[in-house]
There are 2 protein chains.
Amino acid sequence: MFSPLIDELMHALKVLPGVGPKSAQRMALQLLEHNREGASRLADSLQRAVAGVARCGRCRTLTEQPLCGVCASERRDNTLLCVVETPADVLAIEQAGSYQGKYFVLLGHLSPIDGVGPEDIGIDQLLALLQTEPVSEIILATNPTVEGEATAFYISERAKKAGINVTRIAHGVPLGGELEYIDGGTLAHAFSSRRSL
Amino acid sequence: MFSPLIDELMHALKVLPGVGPKSAQRMALQLLEHNREGASRLADSLQRAVAGVARCGRCRTLTEQPLCGVCASERRDNTLLCVVETPADVLAIEQAGSYQGKYFVLLGHLSPIDGVGPEDIGIDQLLALLQTEPVSEIILATNPTVEGEATAFYISERAKKAGINVTRIAHGVPLGGELEYIDGGTLAHAFSSRRSL
Ligand SMILES: [Zn+2]
Ligand SMILES: [Zn+2]
């Protein structure tokens, strides 16, 4: 509508999750009208991140170093290994700030329908790690979905055979969550997982 | 949290309107995990747009050519000149598809409190254009805000002195708008601007 470069920028912005044609248009015009410096910085930062960021050699989260900050830290507890589906999960747990162990990122979950088996999500690497590190407990923090649960179950069986304790993080009503706004699946789970006091 | 390049990318993404820390994080991880090619294309497109896009020499909308497509077109009606506040307004009117005249983009509105006077929003250029082009009607499409109305009034007085017809686009209840969801100011305006049938 305006000119090829602007149309192209609007199109390129739609690569961002949650950005449709209307937001892309607003973003492109806003940057070109009021923040060209910010737009240049963003372009530069995108290029450097794409070129420099790869996966941690041990836990497979995203990092530009051979080992991520958690894996490289001497202060983290080597005996705890939290298994998650994505780097975003690592970030969420780190931001909560209470976990002091290490991680392993599966990069997904088992999904037989899509042909995603144990080797595709790195379960071999996970089991190999149990041989070389003093892990005494695996904490399964895969998502509480059908696939996440199946993945947790599979890892649990393999790890128990290797003599490692396996735990699963608790699921239920979030703290501060009002019952009337909680979905039925979560509520049902909260009831079936109730504990005596 | 992850590594400097990722943190920096999350920070740089916040330059986009409507993107806070949480969305920036989601965008950065999504691009690095699943769409590095799209991220590179976005970086490239941002750089080329920042370097190549400037303002139309006649109407001042954003374009990479000396004149924008509307100004350069021989098929647009030279006698109609629609005055808007921003390039986004031009785009909205072009997308509606019924206007066949030309534009002038003020790049803002009069705002004495912020020290924005007629010369800051290019009213001199607008008046000069009336001398050199066969404009017979100015259509004021500034926003229906206090500043937009004041700007429309100011231009109207100046243009009338120059012997040009001046009109203002209609404001009221949008087509398909349900009365109960329309804000009070719009409703009040719709009543005070009522026409006999
Ligand atoms: Zn790591
Ligand atoms: Zn133009």
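Modeller: A polar contact is a pair of N or O atoms within 3.5 Å; within protein, one must be able to donate a hydrogen and the other to accept it, and residues adjacent in sequence count only if both atoms are side-chain atoms. This is a predicted model, in which local features need pLDDT of at least 70 and side-chain atom pairs count only at pLDDT 80 or more, while totals for chains, interfaces and linings use all residues. Residues are numbered from 1 along each chain as its sequence is written, chains are lettered from A and ligands numbered from 1 in the order in which they are written, and side-chain values use heavy atoms, with hydrogens and water left out.

Colleague: Which side chain does a polar contact of 2.6 Å join to that of S3(A)?

Modeller: S3(A) is found in the segment before α1 (4-13) of chain A, where helices (H or I, at least four residues) and strands (E, at least two) are DSSP runs numbered from the N terminus. Leaving aside residues up to four places away in sequence, S3(A) touches T63(B) and E64(B), a contact being heavy atoms within 4.5 Å. The polar contact of 2.6 Å joins the side chain of S3(A) to that of E64(B).

Colleague: Does S3(A) count as buried or exposed?

Modeller: The scale sets buried at under 20% relative accessible area, exposed at over 50% and partly exposed in between, using a 1.4 Å probe and protein chains only. Since its relative accessibility is 5%, S3(A) counts as buried.

Colleague: What relative accessible area does K102(A) have?

Modeller: K102(A) lies 8.1 Å from T79(A), C-alpha to C-alpha, across 23 residues of sequence. K102(A) is classed as buried because its relative accessible area is 6%.

Colleague: What is phi of R60(A) near, in degrees?

Modeller: R60(A) has its place in the loop between β1 (54-55) and β2 (62-63) of chain A, and it counts as buried at 11% relative accessibility. Although R60(A) is a residue other than glycine, its phi is positive, near 75 degrees.

Colleague: And what is phi of L107(A) near?

Modeller: L107(A) lies in the loop between β4 and α6 (123-132) of chain A, where it counts as partly exposed at 31% relative accessibility. Here again a residue other than glycine has a positive phi, for L107(A) near 65 degrees.

Colleague: In chain B, which residues does K14(B) touch?

Modeller: K14(B) is found in the loop between α1 (4-13) and α2 (21-34) of chain B, and at 37% relative accessibility it counts as partly exposed. Not counting residues up to four places away in sequence, K14(B) touches V19(B), G20(B), P21(B) and A24(B).

Colleague: Which element gives the most to the lining of the largest pocket?

Modeller: The largest pocket holds about 410 Å³ of space and is lined by 14 residues, with P144(B), A170(B), H171(B), G172(B) and T186(B) nearest its centre. Two or more lining residues come from each of α7 (146-161) and α8 (184-192) of chain B. A pocket here is an open set of points on a 1 Å grid over the protein atoms alone, where a 1.4 Å probe fits, with protein on both sides within 12 Å along at least five of seven lines, and lining residues have an atom within 4 Å of a point. With three residues, the element that gives the most is α8(B).

Colleague: How far apart do the end C-alpha atoms of residues 79-174 of chain A lie?

Modeller: An unreviewed UniProt entry places the feature "domain: Toprim" at these residues, and such annotations may be inferred rather than shown by experiment. The span is 38% helix and 20% strand, and its end C-alpha atoms are separated by 28 Å.

How values were computed
Points joined across faces, edges and corners; volume = space filled by probe spheres on them.
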